[in-house]
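Please look over the sequence and the fold before reading on.

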Amino acid sequence: MGTARTITLGATSANQALTSTCRFVSLICTGGTHCHFTIGVGAQVATVASHYLKTGERLTVSVPVGAHIAAIQGTGSSTTLFITELTQ
């Protein structure tokens with residue numbers, strides 16, 4: 001496993017660069033009801049039209065080299081996105 005990261009989400013998109021050796025990420029959000037996220041090369045901006053992740057559900061996806069992830073809070077209370085970088 002690689003680096004563990006957290007992003008505290010709000011109404012404005014928050015962007016996080018991933019390490020250069022990261023090939024997959026495992027995502028889970030807590031608090032609120034859900035979050036929206038996007039992954040791509042270079043800085044990203046998440047919107048309510050971005051991918052949906054329900055609170056408490058875990059998702060593992062592949063990412064490109066040089067990836068960034070951005071996320072915003074859905075509805076409800078304060079939301080945190082937990083990111084586990086995976087190298088293989």
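## Nonpolar core

The model is predicted. Its largest nonpolar core has 17 residues. L18, V25, L27, L53, I69, L81 and I83 touch the most other members. As a rule, nonpolar side chains in soluble globular proteins tend to be buried together.

Leaving aside neighbours within four places in sequence, V25 is in contact with L18, I39, L59, T60, V61, V63, I83, T84 and E85.

## The open sheet

Four strands form an open sheet in the order β1-β8-β3-β6. Their pairing is antiparallel. The edges are β1 (4–9) and β6 (58–62), and each of these pairs on one side only. On average, and with direction ignored, neighbouring strands of this sheet are turned by 20 degrees against each other.

Which strands pair with β8? One partner is β3: residues 24–30 of β3 and residues 79–86 of β8 pair in the antiparallel sense over 7 bridges. Within this pairing, T30 stands opposite T80, and V25 stands opposite E85. The other is β1, which pairs with β8 in the antiparallel sense over 6 bridges. Here L9 stands opposite T79. Strand β8 is mostly covered, with 6 of its 8 residues buried.

In a regular strand, side chains alternate between the two faces of the sheet.

## Cysteines

How many disulfides does the structure hold? The count is 0. A disulfide is a covalent bond between the sulfur atoms of two cysteines. C29 is in no disulfide, and the nearest cysteine sulfur, that of C35, is 3.7 Å away. C35 is likewise in no disulfide, with the sulfur of C29 as its nearest cysteine sulfur at 3.7 Å. The cut-off is 2.5 Å between sulfur atoms, so a pair must be within that distance to count as a disulfide. C29 is buried, with a relative accessible area of 0%. C35 is buried too, with a relative accessible area of 0%.

C22 is found in the loop between β2 (14–17) and β3. Is C22 buried or exposed? Its relative accessible area is 1%, so C22 is buried. Beyond its neighbours within four places in sequence, C22 is in contact with V63, E85 and L86. C22 and G2 are 20 residues apart in sequence, yet 7.1 Å apart in space, C-alpha to C-alpha.

## A buried serine in a loop

S50 lies in the loop between β4 and β5 (51–54). Why does S50 count as buried? Its relative accessibility is 15%, and the cut-off for buried is under 20%, so S50 qualifies.

The side chain of S50 has a polar atom that lies 2.9 Å from the backbone nitrogen of T47. Not counting residues up to four places away in sequence, S50 touches H36, F37, T38 and V45.

Notes: Residues numbered from 1 in each chain as written. Predicted model: local features only at pLDDT ≥ 70, side-chain atom pairs only at ≥ 80, totals over all residues. Heavy atoms only, no water. Pairing = 2+ DSSP bridges. Helix = DSSP H or I, 4+ residues; strand = E, 2+ residues; numbered from the N terminus. Axes fitted to C-alpha atoms, helices over the stretch in contact; angles between N-to-C directions. Buried < 20%, exposed > 50% of the residue type's maximum accessible area, 1.4 Å probe, protein only. Contact = heavy atoms within 4.5 Å. Core = buried A, V, L, I, M, F, W, Y, C linked by side-chain atoms within 4.5 Å. Polar contact = N/O pair within 3.5 Å; in protein donor to acceptor, adjacent residues only side chain to side chain.
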